[in-house]
Amino acid sequence: MSVVNEFIEANHIYAAQFQKGSLPLPPGRKVAVLACMDARLDPARILGLEEGDAHVIRNAGGRAADALRSLIISEQLLGTQTIVIIHHTDCGMLTFSDDGIHHKIKQELHADADHIAFLPFTDLEQSVRDDIAFLQGSPLIPDSIEIKGFIYDVTTGKLHTVN
Ligand SMILES: [Zn+2]
């Protein structure tokens, strides 16, 4: 069975028990979580979030520059007041360079992606600090927004605060 057919089957079961159809649009806990798309990381379970609690924005690495559009909408239109950034151990973003992926795309796709910054990093804690600094320095993110950064350990399930 194709994975898509499995999803449709799973959704029938989910919808049959669904009871959260009247939640308000703005996140109840007024928070936007920015996390890596890594398949081992489930922000809702890691943080104890329920439907309606938070915006969860995910991309490769959980990079802030790639999430700015969504964060602005989250804050300006939907009232979130805190940003939580989660990067994690064993992240794929530690394994390549911009030059490397640009070269690979030329080889594999015969296309040019040199204008895309893929935002890999070599230092996990520094990547979190860089993203906090990026948001704090952006005129599009007001100073009133609280920004916290964490590293999630995929081997223990624990979050570590990055200061
Ligand atoms: Zn990752």
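Patches are made of residues with over 30% relative accessible area and no salt bridge, where nonpolar side chains (Val, Leu, Ile, Met, Phe, Trp, Tyr) are joined within 5 Å; a salt bridge is a side-chain nitrogen of Lys or Arg within 4 Å of a carboxyl oxygen of Asp or Glu. This is a predicted model, in which local features need pLDDT of at least 70 and side-chain atom pairs count only at pLDDT 80 or more, while totals for chains, interfaces and linings use all residues. Residues are numbered from 1 along each chain as its sequence is written, and side-chain values use heavy atoms, with hydrogens and water left out.

**Surface patch**
- Val3, Val4, Phe7 and Ile8 make a nonpolar surface patch of about 380 Å², an area that comes from the Shrake-Rupley method with a 1.4 Å probe.
- Ile8 lies in helix H1, residues 3–16 (helices are DSSP runs of H or I with at least four residues, strands runs of E with at least two, numbered from the N terminus).
- Ile8 is partly exposed, because its relative accessibility is 45% (buried means under 20%, exposed over 50%, partly exposed in between, with a 1.4 Å probe and protein chains only).

**Nonpolar core**
- The largest nonpolar core has 31 residues, and Leu71, Ile83, Leu135, Ile141 and Ile147 have the most contacts inside it (such a core is a set of buried Ala, Val, Leu, Ile, Met, Phe, Trp, Tyr and Cys residues joined through side-chain atoms within 4.5 Å).
- Strand S1 (31–36) gives the most to this core, with six residues.

**His88**
- His88, in strand S3 (residues 82–88), counts as buried because its relative accessible area is 0%.

Methods. Patches are made of residues with over 30% relative accessible area and no salt bridge: like charges are joined within 9 Å, nonpolar side chains (Val, Leu, Ile, Met, Phe, Trp, Tyr) within 5 Å.
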